[in-house]
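Please look through the structure shown here together with its sequence. The report after it is written for a reader who is new to such models.

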Amino acid sequence: MLAALPAFAAQPTPGALNFQEPATRIMERVIGFANPLHFGMALVAVFVLALLIWVCIRYNKRANPEPRKFSHNTLIEIIWTTVPVIILVVIAGPSFSNLFYQENEPDLVQIAESGDLKDPNVFVEAAKQGWITVKAEGMGNWAWTYYYPDEMDADGYQVQFVSNAIHYGLPSDPPATPEKPRYLATDYPMVIPANRYIRYQTASDRVIHSWTVPA
């Protein structure tokens, strides 16, 4: 089918934390953005929890038997409106940058001609070999059809195959193994060569599917 170098393959490990080891520059950027974001989310959650506990203790009926009679505090309202907006603006910057990087195809001709081996976002040798296009089409019932439009089999037909998730279903379904755990693997997984630029296309024949590359 495809003359491929050894491909990256990984799966969740019991007791492990964080993402799988990234195999692509896109995933490296996602992890580099997500990890600090998770830390910031944790700080906000701890701060809000501490604030709620302090309010419950400081302003309960026993500690404050005669509460002040007012309904607004302009300074506090400005703060709780402005701070979330600032946080969202800070998050939006790298978010849009990563989305742009994922959704816009690089110019492989320009990369191949540049010869820039220091930029971590480009790979000159891979660019010289051009694109490999893979189309993943959702079929319903946790199945996908993979098409390789640029690759032909021995009979001159486009390479394509059906990939079914391993789960509890019919008695004829393939059993789960340590290498192919149930609900986390398929009978015929998608295969791509390493060190190549891959163009993904997603579609569905009946329902909207979620499809992603975990690494």
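What follows covers confidence, a helix and a tyrosine.

## Model and confidence

This is a predicted model, in which local features need pLDDT of at least 70 and side-chain atom pairs count only at pLDDT 80 or more, while totals for chains, interfaces and linings use all residues. Residues are numbered from 1 along each chain as its sequence is written, and side-chain values use heavy atoms, with hydrogens and water left out.

The mean pLDDT (the predictor's confidence in each residue, from 0 to 100) of the chain is 83, and 90% of its residues reach 70 or more. Over residues 1-8 pLDDT stays under 50, and the model has 15 contacts (heavy atoms within 4.5 Å) beyond four places in sequence for them.

## Helix H1

Helices (H or I, at least four residues) and strands (E, at least two) are DSSP runs, numbered from the N terminus. Helix H1, residues 25-58, has the highest confidence, at a mean of 92, whereas helix H3, residues 108-114, has the lowest, at 86.

H1 has 34 residues and spans 50 Å from its first C-alpha to its last, close to the 50 Å expected at 1.5 Å a residue (1.5 Å times one less than its number of residues). Met27, Arg29, Ile31 and Ala34 are buried in H1, where buried means under 20% relative accessible area, exposed over 50% and partly exposed in between (1.4 Å probe, protein chains only). The buried residues of H1 pack against helix H2 (74-103).

## Tyr148

Tyr148 lies in strand E2, residues 143-152, and is buried because its relative accessible area is 1%. The side chain of Tyr148 reaches the backbone oxygen of Val191 at 2.7 Å. Tyr148 and Arg196 are 48 residues apart in sequence, and their C-alpha atoms are 14 Å apart in space.

Notes
A polar contact is a pair of N or O atoms within 3.5 Å; within protein, one must be able to donate a hydrogen and the other to accept it, and residues adjacent in sequence count only if both atoms are side-chain atoms.
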